[in-house]
Amino acid sequence: AVHIMSDDNAVELAAHITSAAAGTATEDNEEQKLAEAQTNDAELEVATSAEESPPTMEMIVELPHDILTGYILCHLTGRWKELSRVSQGCILLGVIASYLIQFMVVFALAGDISASGLRDVGSVDGTDPLFNLVALAVLLQYLVKDLLNFYYSVWFWLGEVEKEMGVKTLSRLNIKSIKNVANVGDGLKNLKSTEISVDGMLESAKFWQFRLSLIFAFSLYILFGLYAIVAIGGESELVDKIEVALNIFFVLEIDDWACELFLLTPGVLDNDQFDQTVRIKETEEDSNKRVERRLLGATLLLILSFAVIYIACNWPSIASAFA
């Protein structure tokens, strides 16, 4: 059967079709505008984060040529796994022997200091305070230079490697991390056995070994500095004071000679491998501030160390001057 539509019905039907088409077009436009707005927001967010995030810069860290740094470098560059057991044993012997000799020397020197010698520090007849000034200037320049070289190069570089590998040791030690120690117990209770990685534990233990070894190296310099207070202050002649400083300098060079003997000369490592490149996120302004902090820290440490040791070596003269 054929139904003939009236003009009114045809007009009404055409109006419905037009309205439906217009509604569909409106919904499409709204969806398109919403998509464009989301895209613009995403682009704005990316641009904002790019502006807020500092650029990644490459920095070359010149590591000291000593046996401990070379040992750490062998492990972190994969060179250690390439060596035979015999080669590894020889390098370990060089590390242990060099620092064992240095600790034996400093304890032997400290054992020769008598109680009366401690009381007589800075009070030797005829001692000129300027002599102590010269001798301490020679020694402190060397001690502070080596200590800051370890801290600003090896300690800093090791921290950057830890960040890349996701390992947490003393490089993440700060006030916030110390406060979180109280929550360690709760964290261990909620820890699942599947979350414990043996490889991760071994990797973390290796980095702890490196950190503790560096701390032992720091303590060696502190012990020699304390010995210098008594030894330099107890000598009356300038030549004898300078000789004490040079003897300490001589002993502290043993680990550098061990690096030459066990690592560089045999070809285990090259000199170029002690220049390590790290990638850090900081602006040029941040870089300049970091340099400023290091320079200021070195200057203050040198002045503070010199002031403390000089006062300790010349306390009778200083006390009489204010009496």
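Phe-103 lies in helix α4, which spans residues 85–111. Setting aside neighbours within four places in sequence, the residues in contact with Phe-103 are Phe-216, Ser-219, Leu-220 and Leu-223.

The chain as a whole can be described in the same terms. Among its contacts between residues at least 6 apart in sequence, 88% join residues at least 24 apart. The chain contains 13 helices and 2 strands. Of its 323 residues, 29% count as buried.

Another place to look is the packing of two helices. Such a pair is described by the angle between the two axes and the distance between them. Helix α2 (residues 67–76) packs with helix α11 (residues 254–264) at an angle of about 45 degrees, and their axes are 7 Å apart. That angle makes α2 oblique to α11. On the α2 side, the contact is made by Ile-67, Gly-70, Tyr-71 and Cys-74. On the α11 side, Asp-255, Ala-258, Cys-259, Phe-262 and Leu-263 take part. Sorted by kind, the residues of this contact are 7 nonpolar, 1 polar and 1 charged.

Each of these two helices brings a cysteine to the contact, Cys-74 from α2 and Cys-259 from α11. Cys-74 is in none, and the nearest cysteine sulfur to its own, that of Cys-259, is 8.8 Å away. Cys-74 counts as buried, at 0% relative accessibility. Cys-259 counts as buried too, with a relative accessibility of 0%.

Finally, the confidence of the prediction should be kept in view. The chain averages a pLDDT of 74, and 62% of the residues score at least 70. Over residues 122–127 pLDDT stays under 50, and the model has 14 contacts there beyond four places in sequence. It also stays under 50 over residues 171–196, a stretch with 10 such contacts.

Definitions and conventions:
Residues are numbered from 1 along each chain as its sequence is written. This is a predicted model: local features need pLDDT of at least 70, side-chain atom pairs count only at pLDDT 80 or more; totals for chains, interfaces and linings use all residues. Side-chain values use heavy atoms; hydrogens and water are left out. Axes are lines fitted to C-alpha atoms, for helices over the stretch in contact, and angles run from 0 to 180 degrees between N-to-C directions. Helices (H or I, at least four residues) and strands (E, at least two) are DSSP runs, numbered from the N terminus. Angles under 35 degrees count as roughly parallel, over 145 as roughly antiparallel, 65 to 115 as roughly perpendicular and the rest as oblique. Contact means heavy atoms within 4.5 Å. Ala, Val, Leu, Ile, Met, Phe, Trp, Tyr, Cys and Pro count as nonpolar, Asp, Glu, Lys and Arg as charged, and the others, Gly among them, as polar. A disulfide is a pair of cysteine sulfur atoms within 2.5 Å. Buried means under 20% relative accessible area, exposed over 50%, partly exposed in between (1.4 Å probe, protein chains only). pLDDT is the predictor's confidence in each residue, from 0 to 100.
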